[in-house]
Amino acid sequence: MTALADSVDSSAQLLGCEYCGTVSAAPATDDDSPMRLRCPRCANLLYARKPRSLERTWAYLAASVLLYVPANVLPIMTTTNLFRNNTYTISGGIGELWTDKAYGLAAIVFVASIVVHLLKIVALGLLAWTVQRAPHWQRMERARLYRVVETVGHWSMLDVYVVVLLAGMVRFDRLASVHPEPGLLAFAAVVILTMLATRAFDPRLIWQEPKPGG
Amino acid sequence: MGACDTIIKGTARLQEQHLVVCEQCDAVHRWRPLSSGEVARCSRCAAVLARGHRLGVHSMLALTLAALFVLLIANLSTIVDIHLRGAHTAATLPEAVRLTWRAGEPVVAVLAAITAIIAPALLILLRLVMLLPLAFGCAAPYFALCMRALHEATRWSMVEVLMVAAAVSIVRIAALANAQPGPGMFAFGTLALLLAALESGGLKHLWREVK
């Protein structure tokens, strides 16, 4: 496929449909007209930019930063056996895998639960900030960063599944059992909120030329 | 709101030109057919614009049917077998979700159910609903609606993460009891592979099959 800048009438903005890929030309309108455009092929709503993208990204990010603290400080599960109760936080679980000499799994859980979470929060904060403050800075790298965040985002669900599976499978009453704890809810909320923040951010903003004087 | 919906008219001329707009940066490209395995990237931001697909409608249908059976096996059979002093439990994923609900975490249980059971099931069923009529040469009813639902289901399906989580939980259980992977675990592994194969087949080219 070849880049094509000049051969299409540039006065009309071309919109690609997110769902079917059909390209349509937006009719020229006043800036603040409330008209909504729909794809001629699949009737999906078309947007030149995701609506209120930056506001929504910042809101989801703020919520996930707030919940990030209880997600990591509160216990996510308790294991009970005849001799004692153990409560685990996220990092406690990784520590146990490490002392059990399951180094590979410990590394996977560390990346999924801690690195991916921090990466999503820091990267989206950086992306949203640079759109407003440094629009020309490292565009290609920022576009790549967004794609990485989009791709790895759902891996932070890993620990949520682990606790659900353990709670569902280890149930020998007092002999051995596993119970989910409130930290798990905060952790799961951070996973979902960061995924929503990723989705709210519009990567096209990276390439948008700032308005003169804006 | 007072907003009016406008279905864009007069796009026939554009469709004849076969254009592709990059979803990530708005750069406009001219479409050309891709050979199998070829990947077209945006000239401006290097996002993937399209892939040349190896699979036609019939092979996609075959894969989807296989995924449906594996999904049923995965959800109906044991993920991990646990033995402890003569006692034995063997839980399936829906059972684990139900027990998480009962243990006082209904929100987490619903979240796990949506991402590990409902979204994968929906994504397989929607593909079947669309591919079956296409295989016979006609478009599915509500094709556009199904496509949008399929996008959502694909976004929230996390079977491959569940697969790794099952491996982690076996190691964690080993501290408490004797644990063996059950057939459900292998079924989930297979399902993750099948879904990856289906997703690499892409979605948008299904539109090209519709006349």
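How many salt bridges does the count between chain A and chain B give? The count is 5 salt bridges, a salt bridge being a side-chain nitrogen of Lys or Arg within 4 Å of a carboxyl oxygen of Asp or Glu. The legends below concern a predicted model, in which local features need pLDDT of at least 70, side-chain atom pairs count only at pLDDT 80 or more, and totals for chains, interfaces and linings use all residues. Residues are numbered from 1 along each chain as its sequence is written, chains are lettered from A and ligands numbered from 1 in the order in which they are written, and side-chain values use heavy atoms, with hydrogens and water left out.

**Figure 1. Overall make-up of chain A.** Chain A has 6 helices and 8 strands; helices (H or I, at least four residues) and strands (E, at least two) are DSSP runs, numbered from the N terminus. Along the sequence, the elements of chain A follow the pattern β-β-β-β-β-α-β-β-α-α-α-α-β-α. Of its 214 residues, 50% count as buried, where buried means under 20% relative accessible area, exposed over 50%, and partly exposed in between (1.4 Å probe, protein chains only). Among the contacts in chain A between residues at least 6 apart in sequence, 66% join residues at least 24 apart; contact means heavy atoms within 4.5 Å.

**Figure 2. The interface of chain A and chain B.** The size of an interface is often given as the accessible area lost when the parts come together. Chain A and chain B bury about 7500 Å² between them, with 69% of it on carbon and sulfur atoms; this buried area is the accessible area (1.4 Å probe) that two parts lose on being put together, summed over both. Chain A contributes 84 residues to the contact and chain B contributes 80 residues. Across the interface, 10 residue pairs are in polar contact, both residues being at pLDDT 80 or more. A polar contact is a pair of N or O atoms within 3.5 Å; within protein, one must be able to donate a hydrogen and the other to accept it, and residues adjacent in sequence count only if both atoms are side-chain atoms. Helix H5 (residues 158-169) of chain A supplies 10 residues, the largest share of the side of chain A that touches chain B. By class, that side has 58 nonpolar, 13 polar and 13 charged residues; Ala, Val, Leu, Ile, Met, Phe, Trp, Tyr, Cys and Pro count as nonpolar, Asp, Glu, Lys and Arg as charged, and the others, Gly among them, as polar.

**Figure 3. Salt bridges around Asp26(B).** The whole structure holds 7 salt bridges over all chains. In one of them, the side chains of Asp26(B) and Arg49(A) meet at 2.8 Å, N to O. Asp26(B) lies in the loop between strand S2 (19-21) and strand S3 (28-30) of chain B, and Arg49(A) in the loop between strand S5 (45-46) and helix H1 (53-73) of chain A, so this pair joins two chains. Asp26(B) counts as buried at 18% relative accessibility, whereas Arg49(A), at 24%, counts as partly exposed. Asp26(B) also forms a salt bridge with Arg204(A), the closest N and O atoms being 4.0 Å apart. Because Arg204(A) lies in the segment after H6 of chain A and Asp26(B) in the loop between S2 and S3 of chain B, this pair likewise joins two chains. Arg204(A) is buried, with a relative accessible area of 12%. Salt bridges that share partners join Arg49(A), Asp202(A), Arg204(A) and Asp26(B) into one network.

**Figure 4. The salt bridge of Glu152(B) and Arg199(A).** The side chains of these two residues meet at 2.6 Å, N to O. Glu152(B) lies in helix H5 (residues 143-156) of chain B and Arg199(A) in helix H6 of chain A, so the pair joins two chains. Glu152(B) is partly exposed at 26% relative accessibility, and Arg199(A) is partly exposed at 28%.

**Figure 5. Aromatic pairs.** The structure holds 2 aromatic pairs over all chains; rings of Phe, Tyr and Trp (its six-membered ring) pair if their centres lie within 6.5 Å, and planes under 30 degrees apart count as stacked, over 60 as edge-to-face and the rest as tilted. The rings of Trp98(A) and Tyr103(A) are edge-to-face, because their centres are 4.6 Å apart and their planes stand at 65°. Tyr103(A) is partly exposed, with a relative accessible area of 40%. Tyr146(A) and Phe201(A) form a tilted pair, 5.5 Å centre to centre and with 45° between the planes.
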